[in-house]
Amino acid sequence: MLVHLQFRGSSLRYLWMETKQLPSLRRINLNYSKSLMRTPDFTGMPNLEYLNLEECSNLEEVHHSLGCCRKLIRLDLSWCQTLKWFPYVNVECLEYLSLDYCSRLEKFPEIHGRMKPQIQIHMQGSGLRELPSSITKYQTHITKLDLSGMRNLVALPSSICRLKRLVSLSVMGCSKLESLPEEIGDLDNLEDLDASNTLIS
């Protein structure tokens, strides 16, 4: 009965190619596996809770079946600098998602389920071109939003002004960002706005 699978710092290119039935598997740790190119099919892992792929620098694709993992709590894809394809994520139980420095990932994954109030989403230095509307739609409790270093970000949606509890917003280093939404002044609780090193004039 496999519960925890760890290949930290491995030289694996693929964990396995075929679908495996692993109903008891809760954790997969493949961080620093710099040769890993693709994740396995997650269909047979309905109880997966933790997936760590941090610094899998050659990872190109996260299998679409990850969207079926409804019990996923923590997903770390930080520094997956080759990642281009990450279509779905189920957020019903998700508390932590890191896409920090996924510099080739241009589109936020499609959201399945409703986000929990306590979810943490990290996107610093990612290649995302736009802020996903799912965040501003469901995350109205957010007090801090750090979008710094997102060099492909060209605009912020006006829906960001739904974040009525927002206290701190950083777009520092978003070198293609030319303006902020006009409604930004309606954020009565906003105390700290950092737009250094942008095109905003």
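**Figure 1. The largest nonpolar core of the predicted model.** This core has 55 residues, and the members that touch the most others are L75, L77, F86 and L147. Domain 1 (1-126) and domain 2 (129-200) both contribute residues to the core, so it lies between them.

**Figure 2. Surroundings of L75, a residue of the largest nonpolar core.** With neighbours within four places in sequence left aside, L75 contacts L51, L66, F86, V89, L94, Y96, L97 and S98. One of these partners, F86, is also listed with L75 among the core residues that touch the most other members.

**Figure 3. The contact between domain 1 and domain 2.** The domain assignment places residues 1-126 in domain 1 and residues 129-200 in domain 2. Each side brings 15 residues to the contact. Taken over C-alpha atoms, the centres of the domains are 26 Å apart. The size of an interface is often expressed as the accessible area lost when the parts come together. Here the two domains bury about 1200 Å² between them, and carbon and sulfur atoms account for 55% of that area. On the domain 1 side, E106, M115 and M123 provide 41% of the area buried against domain 2, more than any other three residues.

**Figure 4. N31 in the loop between β2 and β3.** The loop that holds N31 runs between strand β2 (27-29) and strand β3 (50-52). N31 has a relative accessible area of 5%; because this is under 20%, the residue counts as buried. Apart from neighbours within four places in sequence, the residues in contact with N31 are R8, G9, N52, L53, E54 and C56.

**Figure 5. The whole protein, for orientation.** The protein contains eleven strands and one helix. Along the sequence the order is β-β-β-β-β-β-β-β-α-β-β-β. The C-alpha trace spans about 55 × 30 × 20 Å along its principal axes. A compact globule of 201 residues would have a radius of gyration near 17 Å, and the 18 Å of the protein agrees with this. Of the 201 residues, 47% are buried. Of the contacts between residues at least 6 apart in sequence, 35% join residues at least 24 apart.

Terms used
Residues numbered from 1 in each chain as written. Predicted model: local features only at pLDDT ≥ 70, side-chain atom pairs only at ≥ 80, totals over all residues. Heavy atoms only, no water. Core = buried A, V, L, I, M, F, W, Y, C linked by side-chain atoms within 4.5 Å. Buried < 20%, exposed > 50% of the residue type's maximum accessible area, 1.4 Å probe, protein only. Domains from an automatic or database assignment. Contact = heavy atoms within 4.5 Å. Helix = DSSP H or I, 4+ residues; strand = E, 2+ residues; numbered from the N terminus. Rg over C-alpha atoms; globule rule 2.2 N^0.38 Å. Buried area = accessible area lost by both parts, 1.4 Å probe.
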